Protein chains: 2
Amino acid sequence: MRDVAAIAGVSVSTVSRVVNGSPVAADLAVKVQQAVALLGYRHNHTAGALRRADGLSLTIGLIFEDVSNPFFSAIHRGVEETARTRGVVTFAGSSDEEPERERELIDALLARRVDGLIIAPTATDRIHLRRDVAAGLALVFVDRPPVSIDADCVLSDNRGGAERAVTHLTMQGHRRIGYLGDRSGIHTASERLAGYRAALARAGIPEERQLIRHPRHRATDAYEITSEMLRSSDAPTALFTSQNLITLEALRALHHLGLQAQVALVGFDDVPLGEAIEPAVTVVAQSARELGRQAAQLLFSRLDGYDGPARRLILDTPLIQRGSGELPPRR
Amino acid sequence: MRDVAAIAGVSVSTVSRVVNGSPVAADLAVKVQQAVALLGYRHNHTAGALRRADGLSLTIGLIFEDVSNPFFSAIHRGVEETARTRGVVTFAGSSDEEPERERELIDALLARRVDGLIIAPTATDRIHLRRDVAAGLALVFVDRPPVSIDADCVLSDNRGGAERAVTHLTMQGHRRIGYLGDRSGIHTASERLAGYRAALARAGIPEERQLIRHPRHRATDAYEITSEMLRSSDAPTALFTSQNLITLEALRALHHLGLQAQVALVGFDDVPLGEAIEPAVTVVAQSARELGRQAAQLLFSRLDGYDGPARRLILDTPLIQRGSGELPPRR
DNA sequence: CTGAAAGCGCTTACAG
DNA sequence: CTGAAAGCGCTTACAG
């Protein structure tokens, strides 16, 4: 900036004004712009933030379980869409469901002075950000509510969606419905299990322990567990799979066993090709992108000065009937 | 930091040393740490970078077509894996294949002083970063090579993979092979088309114009175009779909028409459930995560001082036979 | 409208 | 090892 000022023959104050669009005499502005082009000057917004009144970095951070899970990357996209309109750029990182990694990421992001954070917290989150929030950090939770701090959050209707899915199965006469759940401890997992239980209770069906399973490592275990459950003598006539990766694995297992037209299935969260395969997959859908948009909205409203109590948004999870969930009981 | 110094009864220099792990007398270090905890002090790494010798922000930027495309989010994950070992956090943004948006993102990221940039450039990239690279920016291209600047890049073997895929079809007697390609102009698209052509030429099959199609809007058009092609009187006996989203749409069309067991298909890039559906989908696979890892490696080697000529890495694209690509010609 | 000076939160020579 | 001072690239009162 000093170099630009020297070449343009003005003070750095004037260069700063031109760069920031403050009123400057036209002839000086032209000189400055020429010098900027000549030198290939890049404004250092970060340095400016140190002195600027608002102190904003125009930067926010996203912390997900895994940035490459399509569910989370769709949230990312939704956040980006609204951040973009404000000239805000977005960090994104994966906690891998490890509280320590989550904490590292939070620390790293705050050391870079992000204006806000959108977090899908780990099951055992120890998030301690009260002071940072008091100091102006905008904090929003997405997909899972915060446990150790009171903050804005946006969730899907997990319990309601699961209950609707399972009731859909009981209404068609299924009484043995397998539950393939996510690692317990994760909020969405326990809510969906609660929904499953509520639906069984409503239909007067007793729970069976061996029908409720929680694969530890989703991608690898879910396939095995599903296969095993389906091969057993008291196999279920229907499955409720409570997470997108688990649904994919259960579908693989069903298709490999050739049981996809025998055993009903409803999944939580849509899957690619879910509509194309035979039978097409009935799911409870959630709009990840919309979760992201809403989370960003909450975040920016805080940066814009909203100072009221924490808000909690719950998004609908409509049931999409496509075939797999409408198969009658077969055994 | 000043407050910490005041409470600990030391100079800010000493606080700085403690925070950065420089040698400090044990008793003073303890006092500083207590003050840090008491105040909830957050180090401002960004402010430090202004004065620090290396000037590094420990920040890099990723620019993809779309962060929510599973291919790109897997690259993101690969980058993150190697960035993480260095305490580097990652921005990620979507260009939507628009050069102007790409430029905005680059400018925004450079204004936040990222140490490096990993870009999957738009078809008509006007990327002008020579001066920034000269000033120390580490720049790597991924998935698509740079057109307007010489820089490190890591690509998949697009032409070779496509040629292998199509030759696989011709070897089984297919002579009418439909090509469903990405928007032309995108490097990967033209390479894959070249591979398709090479395979036809090698098999002595003349090209047919109406069998080579480029959906404009992948998600929406690919379905229509595939359906139309399959319904025509001179329909192909096999399809080569040259991108993951296009493969998904073509599969939807095939399944909806009930032709999935009649018309062979090989896709470029794997798709979820590709293994589960019937017939399972034969693909040319690329490891997006590995692309990301390698790109990050190239980037960090530059930051570590490598100053040689631009490198170009080409990753293998093995053919995975699963069934859909092994269907014989039917008409 | 414009410029000189002070200062944002840090790190880095430089003395001690 | 420790502290006082200068300075990184900017913005912001404050005079003119």
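Start by selecting helix α8 of chain A, residues 158–171, in this predicted model. Helix α8 of chain A lies across β6 (177–180), β8 (238–241), β9, β10 and β12 of chain A. Against β9(A), the helix runs at about 170 degrees.

Next, select helix α11 of chain A, residues 244–257. This helix packs on the sheet and touches β6, β8 and β9 of chain A. Its direction makes about 155 degrees with that of β8(A).

Now show the strands. The sheet in chain A is open and has six strands, in the order β7-β6-β8-β9-β10-β12, with mixed pairing. At its edges are β7 (212–213) and β12 (319–320) of chain A, each of which pairs on one side only. Strands of a sheet pair through backbone hydrogen bonds, either parallel or antiparallel. For a parallel case, select β9 (264–268) and β10 (282–284) of chain A, which pair over three bridges. A:Phe268 has A:Val284 in β10(A) as its bridge partner.

Move to chain B, where 44 residues are in contact with 44 residues of chain A. On the side of chain B that touches chain A, the elements that each supply at least two residues include α5 (70–84), β2 (89–94) and α6 (99–111) of chain B. That side has 19 nonpolar, 14 polar and 11 charged residues.

Finish at DNA strand C, which 24 residues surround. Among the closest are A:Ala25, A:Leu50 and B:Met1. The surface near DNA strand C draws at least two residues each from α2 (12–20) of chain A and from α2 (12–20) and α4 (45–49) of chain B. Which helix gives the most to this surface? Select α2(B), with five residues. By class, the surface near DNA strand C has 12 nonpolar, nine polar and three charged residues.

Key: Residues are numbered from 1 along each chain as its sequence is written. Chains are lettered from A and ligands numbered from 1 in the order in which they are written. This is a predicted model: local features need pLDDT of at least 70, side-chain atom pairs count only at pLDDT 80 or more; totals for chains, interfaces and linings use all residues. A residue is near a molecule or strand if its C-beta atom, placed from the backbone, lies within 6 Å of it. Helices (H or I, at least four residues) and strands (E, at least two) are DSSP runs, numbered from the N terminus. Ala, Val, Leu, Ile, Met, Phe, Trp, Tyr, Cys and Pro count as nonpolar, Asp, Glu, Lys and Arg as charged, and the others, Gly among them, as polar. Two residues are in contact if their C-beta atoms, placed from the backbone, lie within 7 Å. Two strands pair if DSSP finds at least two bridges between them. Axes are lines fitted to C-alpha atoms, for helices over the stretch in contact, and angles run from 0 to 180 degrees between N-to-C directions.
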